[in-house]
Amino acid sequence: MDDDGLIFNFATTNIAPPKPSAAAAAKGKSQRWKDRVKSRQAAKHEATKQEQHDTQNQKNTAAAASFKEKPMPQRQHIKFDSGSTQENNTQQQEVERLLGEMGKGGGSKASATGTGAGVSTASQPSAQAGKQIISSLFTKNPEIPKLARDGGQELRVSSNAAGDSSFAGLGLDSDIVGFLSSKMEISNPTAIQTNAIPVLLGNDQAAQDGDNGGDDDAFNFETSMKVEHDVFIQAATGSGKTLSYLLPIVHRILRATQTATSGGPASRELGTFAVILTPTRELAQQVYETTQTLVNMTVGQGAGSKKRLHWMVPGIVIGGDSKQSEKARLRKGVTILACTPGRLLDHLENTQAFCVDNLRWLVLDEADRLLELGFEDTLRKILALFEERAGQRRRVLGHSSVATSLELPRRRINVLCSATLRDNVRRLADEALVNPKFVSATSVYDNADQAAEAARSRKRDRLMAEDIEDGRVGKRAHAYDGEDEDGAGQNEDGQGEGEDQGDFAVPSQLVQKAVIVPAKLRLVTLVALLKNTLRQQPTSKIIVFLSCKDAVDFMYFMLSYGATQADSEQADEGEAAYADDLFNTEEGDGNGDKDDDGSSKKSRSQRPTGGRGGPQLTATDIHLQSNVFPGVNMFRLHGSMQQKQRTETFTTFSRSQHASVLFTTDVAARGLDLPNVTSIVQYDAPTDLASYLHRVGRTARLGRVGHAHLFLLPSEAAYLTVLSERGLRPQDESVETILRMSAKSEGSRRSAEWQQRAAEWQLLFERFVLSNITAMRLAKQAFLSSIRAYATHGAAEKRIFHVRFLHFGHLAKAFALRETPAQVAEGKGNNQKAVEVRLEKKVRREREEKERKKPRFVKGNEISEFAVGDVSAYYGPRVRRGAGAGSDGDSD
Ligand SMILES: Nc1ncnc2c1ncn2[C@@H]1O[C@H](COP(=O)(O)OP(=O)(O)OP(=O)(O)O)[C@@H](O)[C@H]1O
C-alpha cells in the first residue's frame, strides 16, 4: 500500500522516446543507431511534408483558435469556484491539454510559452525544432510585488522546549525517569508531556471526576483508583508527542509485570499490548527505534539486581518489507508494535499467530494525515478486528496475571495525535474515542469544542497583538475567527466552514522567511541560498521540499553533479547515448508512473549508458558528494524509492554529523524527527497549510533555533496574506540579497558581479544538462511533473496557484532546460536535434573518407602547381597517405 500520498507519480508519456520509424522497426533491434537515425530522418522528411500540408489546412479550421489566441486572463479578476472538485478536475484537464498541445507542436507550442511574456518562440514547428532558448536571467521577469511586511524576525523564546517540572512528579517509574536522564539526556518533560502523561497513566487528578468510563463489567472498578480516558493529543511540531504516549505505555506494562502474582512471568507470548499506527514507513521506523531505546533500560532494586526488559519487545510491520520475516516476528510475540495501516490489516487478517487479545493501546500518530491518505476504511476494519479479539480476552477473569493486571487499562485506550485540530480528525475523535480528553500544551479539555474554542481565542489574541504591533488594528478582523476576506465560510486553505484549525502555531523560535523568486531565477537562487546557509553554518543539515518525486531526483542529481565541466567528448558520447535512448523503445515506455517499490524506476535509472555522458543516477546510492557544494552530502527521499534505500537514507541522514542536504517530497514532512536539521527550504509551495506547518516543523525542534525559507513566484505573493492570517508570518527576503551574499562569498567584489555570478551558475547547469543524458531526462521529467503537481493545489487556493499563471518558458529555465516547453513536452528538442546534426556530420565524414579511399586516376588537367615532386601522380592510382607521411598538401 502506498503510504506516500503526496508523491505524484505522474505519467510522463509525453516525454517518451519516439517510436522508431516503420522502416527501422522492420529491420529490428540489431540495427545500429546511425542506421536508425537515417531511416528515421527519411520518415521524418515525409512527415514534415505532410505536416506542412496539414498545418495549412488547420489554419483555416476552428481548431486553430488555440490557447495562444485566447486572451490571457487578467489575474486579479479571476474567480474560481472554491471547494469544487469539478474545478480540480478542470484544472488537471487543462494541464493535460496544455501539455498535450505543447507536445503536438504548431500553434499550441507557442501557446505554451505564450502564457507570459519574454520568451520568443518560432510559430512554425519546423522552424522551432532544435531552437535553443538562451534568455537572460535578469530580463523580462515579472515585477516583484511589494510585500506588506519586511525586515528581520526577532528571535523569540522557544515554545516547544522542555519545562522545569519533573517526570517523577508526573508519576513515572523511577527506573524510567533514571534511564531518560542518564541514557537519553531527557530530564524535564515538555508542556504536552506534562499534560498528557498523567491522563494516560490514569492518575490525572483533574480527570478523576467520578467518570470511570470503561466498557468492561467483568472487573471490579472499586479496586482501582485509575480513571481511563481516550486521549486526543494536539501540540506543535517537535514538542515531544511521541514520548507523551510511549512513556505511559512502557510504565504501565512494566508495573503490570512487577505486580503480577499468577499466570507465570511476563513473556512475549502474551502478544501485542500496544499498536502505534503511522501514515509513513519512516515514522513507523522512528517510533520503533524510540521504543527500542526505551526498552533497553534495566529495572530493579539496587545496582546488582537490575535486569533488562528482555520480554518487552518492540516490533515493526510496514509495507515494502518481507512479509514472511514480519510473520515470524509476530509469531514470536511483539509487545509494542509500530506499523502502517495496510500492512497491519494484512497481518490481522492473514497471520494466525498474531496475538492482539491483550491489546490495551491503539495510537494513531499523525491521525489527520492517516485520514487524508484515505485510510479511513482500513482503520474501520482494523478497529472491528480488534473488537472481535478483545471479546475473547474478556472471558479471562481475575487480575493477578500480567495480562489482567489492574495496572493496565481495563479496556483498549485509543490515542489520536495531531499537530492540528482539523475537522476530519475531530470527526474521527467523535466516532472512535471513548470518554475522551483533549490534551494540548496549554491545558486538558473535556471535549473538542472546548479545545477548539480555546485554540481560536489564542489565535485571536495573537493576531490582534500582531496587528497592534504593525499598526493595522481591525484590518484583519475577518481572520480572527477563521473567515476569508469575503466573509464566506470557506477558509483560504481550502477548508470548509467550521474547519478552522484555530491555533495554527509553529514553534515561536522558528525564523520564517519568504522569498519571491521569478521563475527563471529559482534554480540559481536555491543554489545561492544553500551556499549562504552552508557557509554560515558549515555543518548545516538542510531539507529542501519539492512537489514531486521527479523534481526530487532532478535536484538531487543536478546539485550533486551540476558543476561537472562537460568536455566535448563527453557531450558527444552523452548525446550518442541519448540517440540510442531515443530509438530504443524496448526498455520502457518512458512513463513516469511507478509503483511504490520503484522497481520500474530502478530499471530506467539504472539503464546502462555504458559510462557514457558522465554521471548517472543509480538506485543504490544513499548519498552523493556534491561538486556544487564541495564537502556536502546530498540525499533524496521519496515514495518511489525502494524500501531498503528509503530506510538507509532516513537513518544515514538522521545520524549524519556532516553538512547535508536532503531533497524530498512531503513524505518527510510529517512526524519525522531528523536531529539537528538547521534549515528548511520550501522550494515548491505546500499544497495546504497543514503541510506548511509540518514541513517547517522539521526544524526548530525541542527549543532549538531553526530557519525556514519559502520560495514563491511573483504570481503567488498573495499566499503571504493567507499565511499571515493564520498566524504564520514569514519575513521578506529578497532574491538580490541572497544572490549578492552568495556572490560575495565566492569572491566577487564589484556590486554588479552578483548577476554575472548567477548567470555563470545557470550557464554551467544548462551546459551540464545538455551534455549529460541523465540530467536531460531528469530535467524534462521534473519540469512536466512539476507542472502537473502544481494543478493539485486546493480549490480555494487556485486564485493564487493556478497553472494558467505559470510561465512555462521561464519555468523551463529553472530546470536548466534550453528547450522550449513544446520541445520538452514533445520528448525531443535541441539535444536531439544536436544529436541528429552530429550523426549526420559523422555519416557524411565517413562517406567522404570512403570516397577518398577509393583508387582514382588523376587526369592531366587536374595537375596543379602544388603537386610537385611526385611523378606517380601523372601515371597511376594515388592513395591517400597519412599526415606526416610526406603528403603533398592537397590530398585532404
Ligand atoms: N522532554 C524532552 N526533553 C528533551 N528532548 C525531548 C523530550 N521529549 C522528547 N524529546 C526529543 O524531542 C524530539 C522530538 O520529539 P517528537 O518527534 O516526539 O516530537 P513531535 O511532537 O512528535 O513532533 P512532530 O509533530 O514533528 O511529529 C525527539 O528527538 C525526542 O527524543
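There are zero disulfides in this structure, a disulfide being a pair of cysteine sulfur atoms within 2.5 Å. Cys-417 counts as buried because its relative accessibility is 1%, while Cys-355, at 21%, counts as partly exposed. Here buried means under 20% relative accessible area, exposed over 50%, and partly exposed in between (1.4 Å probe, protein chains only).

The model is predicted, so local features need pLDDT of at least 70 and side-chain atom pairs count only at pLDDT 80 or more, while totals for chains, interfaces and linings use all residues. Residues are numbered from 1 along each chain as its sequence is written, and side-chain values use heavy atoms, with hydrogens and water left out.

**Nonpolar cores**

- The largest nonpolar core has 110 residues, and Val-544, Leu-559 and Phe-663 touch the most other members. Such a core is a set of buried Ala, Val, Leu, Ile, Met, Phe, Trp, Tyr and Cys residues joined through side-chain atoms within 4.5 Å.
- Helix 26 (residues 773–790) gives the most to this core, with 10 residues. Helices (H or I, at least four residues) are DSSP runs, numbered from the N terminus.
- Not counting residues up to four places away in sequence, Val-544 touches Leu-526, Leu-530, Val-661, Leu-662, Phe-663, Thr-664, Val-681 and Tyr-683. Contact means heavy atoms within 4.5 Å.
- Another core, of 50 residues, lies apart from it, with Leu-201, Leu-246, Ala-284 and Trp-311 among its members.

**The largest cavity**

- The count comes to 13 cavities of 30 Å³ or more, and the largest holds about 300 Å³ of space. On a 1 Å grid over the protein atoms alone, a cavity is a set of points where a 1.4 Å probe fits but cannot get out, a pocket is an open set with protein on both sides within 12 Å along at least five of seven lines, and lining residues have an atom within 4 Å of a point. Grid points are joined across faces, edges and corners, and a volume is the space filled by probe spheres set on the points.
- Of its 25 lining residues, Ser-547, Asp-684, Ala-685, Ser-786 and Tyr-790 are the closest to the centre of the largest cavity.
- Helix 26 gives the most to this lining too, with four residues.

**The largest pocket**

- About 1200 Å³ of space lies in the largest pocket.
- Among the 42 residues lining the largest pocket, Met-184, Ile-186, Thr-290, Asp-673 and Pro-675 are the closest to its centre.
- Helix 9 (281–294) supplies the largest share of this lining, six residues.

How values were computed. Helix = DSSP H or I, 4+ residues; strand = E, 2+ residues; numbered from the N terminus.
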